[in-house]
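Here are some notes for reading this structure. Please keep the sequence and the 3D view open while going through the points.

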Amino acid sequence: MDSIFHEKQEGSLCAQHCLNNLLQGEYFTPVDLSSIAHQLDEEERMRMAEGGMASEEYRTFLQQPSGNMDDSGFFSIQWFNLNSLLTGPELISDTYLALFLAQLQQEGYSIFVIRGNLPECEVNDELLKAYLKLHNLFA
């Protein structure tokens, strides 16, 4: 099994290990994920400011901790069901992911791992809006 990349858990860096294992290489470090999370935090602040910097929602948002990372090693990751039989991509919660994958395997579906460099993803703005709506931070 030496041909399969496996990054052993260190500390509480679950997101880093999950992504690197999924992508089959050392693609992300804690610094990389922290930088991405800070960029997402800034983007969220800019989006919230569009609704008015004097609004109650904006002030409440600024008082909350980051939803993208924390000091324990938590980093937010989004998962999607891209089944072509669906009308569009479906966001899968972290809680549901393991159950969803187990169900797919039990039903005989194949689960593929993507290797190599991934192209830029243009869905980030939509994810950000969905995240903000989910947390009642953006109308």
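1. A nonpolar core is a set of buried Ala, Val, Leu, Ile, Met, Phe, Trp, Tyr and Cys residues joined through side-chain atoms within 4.5 Å. By that definition, the largest nonpolar core here consists of 5 residues, namely Trp79, Ile92, Leu97, Phe100 and Leu104. Helix α4, spanning residues 94–106, gives the most to this core, with 3 residues. Please keep in mind throughout that the model is predicted.

2. Leucine 97 is a member of that core. Setting aside its neighbours within four places in sequence, leucine 97 is in contact with Trp79 and Ile92.

3. On the overall layout, the protein chain has 5 helices and 2 strands. Along the sequence these follow the pattern α-α-α-β-β-α-α. Of the contacts with a separation of 6 or more, 44% are between residues 24 or more positions apart.

4. How much of the protein chain counts as buried? The figure is 26% of its 139 residues. The accessible surface of the chain comes to about 10,400 Å², and carbon and sulfur atoms account for 55% of that surface.

5. Helix α1 covers residues 14–23. Its buried residues are Ala15, Gln16, His17, Leu19, Asn20 and Leu23. Helix α2 (30–50) is included in what covers them. Just after α1, glutamine 24 takes a positive phi of about 60°.

6. Glutamate 7 deserves a separate look. The residue lies in the segment before α1. Glutamate 7 is buried yet has no salt bridge. A salt bridge needs a side-chain nitrogen of Lys or Arg within 4 Å of a carboxyl oxygen of Asp or Glu, and the nearest side chain of opposite charge, that of lysine 8, is 12 Å away.

7. Which side chains make polar contacts with the side chain of glutamate 7? One is the side chain of histidine 17, at 2.7 Å. Another is the side chain of asparagine 20, at 3.0 Å. Leaving aside neighbours within four places in sequence, the residues in contact with glutamate 7 are Gln16, His17, Asn20, Asn21 and Glu26.

Terms used: Residues numbered from 1 in each chain as written. Predicted model: local features only at pLDDT ≥ 70, side-chain atom pairs only at ≥ 80, totals over all residues. Heavy atoms only, no water. Helix = DSSP H or I, 4+ residues; strand = E, 2+ residues; numbered from the N terminus. Buried < 20%, exposed > 50% of the residue type's maximum accessible area, 1.4 Å probe, protein only. Lys, Arg positive; Asp, Glu negative; His and termini not counted. Polar contact = N/O pair within 3.5 Å; in protein donor to acceptor, adjacent residues only side chain to side chain. Contact = heavy atoms within 4.5 Å. Areas by Shrake-Rupley, 256 points an atom, 1.4 Å probe, with all protein chains shown as cover.
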